[in-house]
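Here is a quick tour for anyone meeting this structure for the first time. Take a look at the model, and then we'll walk through a few of its strands and helices.

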Amino acid sequence: MTIPQPSLSSFVVPADGSFLLMKSVEPVQLYTLGEVDSVFALRLSPQLSDYIYLGQWEHQPLFGLMVPKNETVDPEQFVNLRSLFDSLGNEMFWLLGKGIHLIHWHQNSRYCGRCGNPTEWNPKEGSKTCAACGSSTYPRISPAVITAITRPDPRSPTITQVLLAKHKGRTTKFYGLIAGFMEPGESAEQTVVREIREETGLEVKNIRYIKSQAWPFPENLMLGFTAEYAGGTLVLQEDELEHADWFSRDNLPLLPPNISLSRYLTELVIK
Ligand SMILES: [Zn+2]
């Protein structure tokens, strides 16, 4: 991969965890390389290896840069990327998401997992290498499945219902689909069956893969499925779900934003 050199006019997205440091949100404005150094007096003595190339945006190279939250940076200027669903275009949202994912990985791979010595960033390879033992690591991606479970409405069988659940401990009031992480040794379809059984007590059949979506909060890949209800009574896993029920198009609860795979799958199956 050819990596552009950061120049003064390059945009940068300094970040801390899943938060982005932005010049303004409405309209979205990112800091240029020169501004980051002069406005925040960060004196990062930018070495090329500090900047993570994310791609092109508005004909300029876009870089991520790790910036600690400290007294030189106003915390108000950090924005949670998730809160920008509606104000960012698709392309921009996923580029910034890639930055969140990579910066998270950089922060968590500073030392070799095998021998404990510091690692070195290799931008060309997109990897980190340990100078002491030669071990290389690449950004981790954690796959998870999400499934739209359907059944015919018992009172009106031509109408399709979908199972939607409100998750415990979340501040949002959205109703979403049943989702969970893959475990070692599982196929994605096996994860679908296990997660649905564990969280709802239901059995499913005719599992069908639909599409996937990166979900960089901080490092997930969502694999989207549909499945049909095959049996069982709804018994919620209490520490995961607050409420779940069958919904049809005319009585849908509040759904997650358009950009989410949960929303896409729900709208796909509800006819
Ligand atoms: Zn090592």
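## Strand β10 and its partners

Let's start with β10 and β14: these two strands run parallel and are joined by nine bridges. One spot to look for is S142, which sits opposite N220 in β14. Keep in mind that this is a predicted model.

β10 also pairs with β12, this time antiparallel, through four bridges. There, A144 has F181 of β12 as its bridge partner. Then there's β11, which pairs with β10 in the antiparallel sense, again over four bridges. R151 faces Q161 of β11, and the two strands make a hairpin with two residues between them.

## Helix α3

Now for α3, which covers residues 188–200. From first C-alpha to last, this 13-residue helix reaches 18 Å, close to the 18 Å expected.

Which residues of α3 are buried? They are T191, V192, V193, E195, I196, E199 and T200. Their cover includes the strands β10, β11, β12, β13, β14 and β15.

## Helix α4

The other helix on our tour is α4, residues 261–269, where L261, S262, L265 and T266 are buried. Looking down the axis of α4, you'd find those buried residues within an arc of 135 degrees, so they line one face of the helix.

As for what covers the buried residues of α4, the list includes β10, β11, β13 and β14.

Technical notes. Residues are numbered from 1 along each chain as its sequence is written. This is a predicted model: local features need pLDDT of at least 70, side-chain atom pairs count only at pLDDT 80 or more; totals for chains, interfaces and linings use all residues. The expected span of a helix is 1.5 Å times one less than its number of residues. A residue is buried if 20 or more other C-beta atoms lie within 10 Å of its own, exposed if 12 or fewer, and partly exposed in between; C-beta atoms are placed from the backbone. Two residues are in contact if their C-beta atoms, placed from the backbone, lie within 7 Å. The arc is that of the directions from the helix axis to the C-beta atoms. Two strands pair if DSSP finds at least two bridges between them.
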